[in-house]
Amino acid sequence: MSDSQGKVLDAIVVGTGMAGLYMIKRLNDQGLNIQAFEAGSGVGGAWFWNRYPGCRADLPIIEYSYSFSKELEQDWNWTEVMAGQPEIERYLNHVADRFDLRKDIKFDTKVTDCLYDEKSNLWTVKTNKGETYTATYCILATGCLNEPNYPDFKNADAFKGDVYHTAQWPRNGVDLSGKRVAIVGCGSSGVQAIPQIAKQAKQLIAFQRSPVYTFPARNAPMKPEFLAQAKKDYAEIRERQRNNEMGIANYNGPKKEADPSKPAKPKPSKKIMDITPEQRKQEIKDFGINVLSQYVDTYFNREANEIACELYREYLRETLEDPQKADALSPKNYPLHCKRPVIDTEYYAAFQRDNVSIVDLRATPVEEVTAKGLRTTQAEYEFDVLIYATGFDAMTGTIKRLNIRGRNNQLLADKWKDGPRMYMGLQSVGFPNFFTVTGPGSPSVVSNVLHSIEQHVEWIDACIAYLRENHIKTIEPKIEAEDAWVEHVNKAAEGSMMTAPTCNSWYLGTNIEGKPRGFMPYLAGTKTYRQECEEVVAKGYEGFSLAS
Ligand code: N01
């Protein structure tokens, strides 16, 4: 059992999205003999698969880009403030070429099994191509949002038209012009896709179960002078990211000295509870609806949150001409900040168009898929194309579908049947030398995920270097450390709107039928988490067993 040359590899990397690419680069720099596998035909991970119309970053791209290469930062010229999928995919291809990473990647190859052998301390990895590889370290860089979720509709295969999922969009695109299109799901993907599809399609019906709180993205073409300044300021931007719990610098150009001759620029209040109802409305007028997402008390105080929710609904009633559409699009039964923030470009404007309608699945649920469309409890809707924007079996879906077996042949999916159990989101007891990049129990998706990816990759890379230098054969968490970490992760999420009893989300796993409810990412923040990771190392890999 070996790679094609008959050697035992040092490491195997599964997945070549943002995490996998950087992992390959770091391991190459260490001089390791590695092999990476990619199910897609190109690099990019989420940015390879999610190529639906309107797909773009939800953070300013200056901050959602690699920081590991100063030269890359200087050379790459972003064209939009919040870059779209094509540009990000181009960037990741550039990264793969620039750092010569493709030579280590097998494309169109799915890993099926990762099997640990206790006698040799090696991992055997099998692929859908019938190949078998053996390595000392196995690193999953499969991303948190990878396994598409399809609704369990009755007669799901009955529809005779074309069916797509936003997370598996065809590489050559889809021409929707003149078509009658239906989209199921109005989360981040649906919210981005709907305005773009509405412009092409003859008719668009949005089948919506839960309306979202969404805020304008404020994307714009990148101004050359802003980019030039950001390039000068990158060191400071990265430092500010490291000092922020979300990994976000909120960079807005260089800090300007206050001009004492001019009145200070007004700022919104910090807390919604500190201002009167009239002031709240005035602040929405002055700063835009986004202001509601910025009041700090709305994150933990239910009363403050409900005030913001009601103001949001009022804003919808004022924005949308059709009161029925306004009502259908109004989130009612769960708090703001429960789900991942959604940002949009002209989402509500799309619903003002005559060719766009909405079906409220809370009032009239889907009964079945038919040959011509979808039947709800109220009517049968006919269309030519059905698009699922129904999200992902997030964080654990891909990992649990792999045949990952550790000590005593234990299946990782079995160990995680009641929820993921990891130490620091990096390793799981019983699976020595097996790492996940941004695994459950790390900040990952509740932070600027690329910032978290870089931190995790660097930690894993340094850990492997340490093991090799010190002739340590295996690293694996201690059970008491793992148990304590799971408890610590649960505690960190307590009291947050993300774990409110009325909240359902993919963070909690409740979007997938039968998945146990539990908050999977670590909410204490990236700065805190980085310090905790550093402390673990400073104390000789505290919480891990190292075996020589
Ligand atoms: O998935 P979602 P997504 N019948 O789970 C509905 C990232 N992302 O792909 O809320 C009917 O948020 C579901 O309804 P409900 C980002 O992290 C980022 O949109 O479960 N409807 C919901 O409306 C994001 O959070 C960007 O009641 C069903 C929708 O489908 C994450 O990906 C862009 C249903 C799914 O929403 C996931 O976003 C896009 C059913 N059986 C995505 N099942 C950026 O901006 C599900 N739904 C970078």
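The model is predicted, so local features need pLDDT of at least 70, side-chain atom pairs count only at pLDDT 80 or more, and totals for chains, interfaces and linings use all residues. Residues are numbered from 1 along each chain as its sequence is written, and side-chain values use heavy atoms, with hydrogens and water left out.

**Ligand site**

- The ligand is surrounded by 25 residues (a residue is near if one of its heavy atoms lies within 4 Å), and the closest are Ser188, Ser189, Arg209, Ser210 and Arg340.
- This shell divides into 11 nonpolar, 9 polar and 5 charged residues, where Ala, Val, Leu, Ile, Met, Phe, Trp, Tyr, Cys and Pro count as nonpolar, Asp, Glu, Lys and Arg as charged, and the others, Gly among them, as polar.
- Helix H5 (residues 188–200) gives the most to the shell, with 3 residues; helices here are DSSP runs of H or I of at least four residues, and strands are E runs of at least two.

**Polar contacts** (pairs of N or O atoms within 3.5 Å)

- An oxygen atom of the ligand lies 2.6 Å from a side-chain N or O atom of serine 189, and a polar side-chain atom of lysine 339 is 3.0 Å from a ligand oxygen atom.
- A polar backbone atom of cysteine 186 is 3.0 Å from an oxygen atom of the ligand.

**Strand pairing**

- An open sheet of 3 strands runs in the order S13-S14-S15 with antiparallel pairing, two strands being paired if DSSP finds at least two bridges between them.
- The edge strands, S13 (366–369) and S15 (380–382), each pair on one side only.
- S13 and S14 (residues 373–376) pair over 3 bridges, and valine 366 has threonine 376 in S14 as its bridge partner.

Methods:
Polar contact = N/O pair within 3.5 Å; in protein donor to acceptor, adjacent residues only side chain to side chain.
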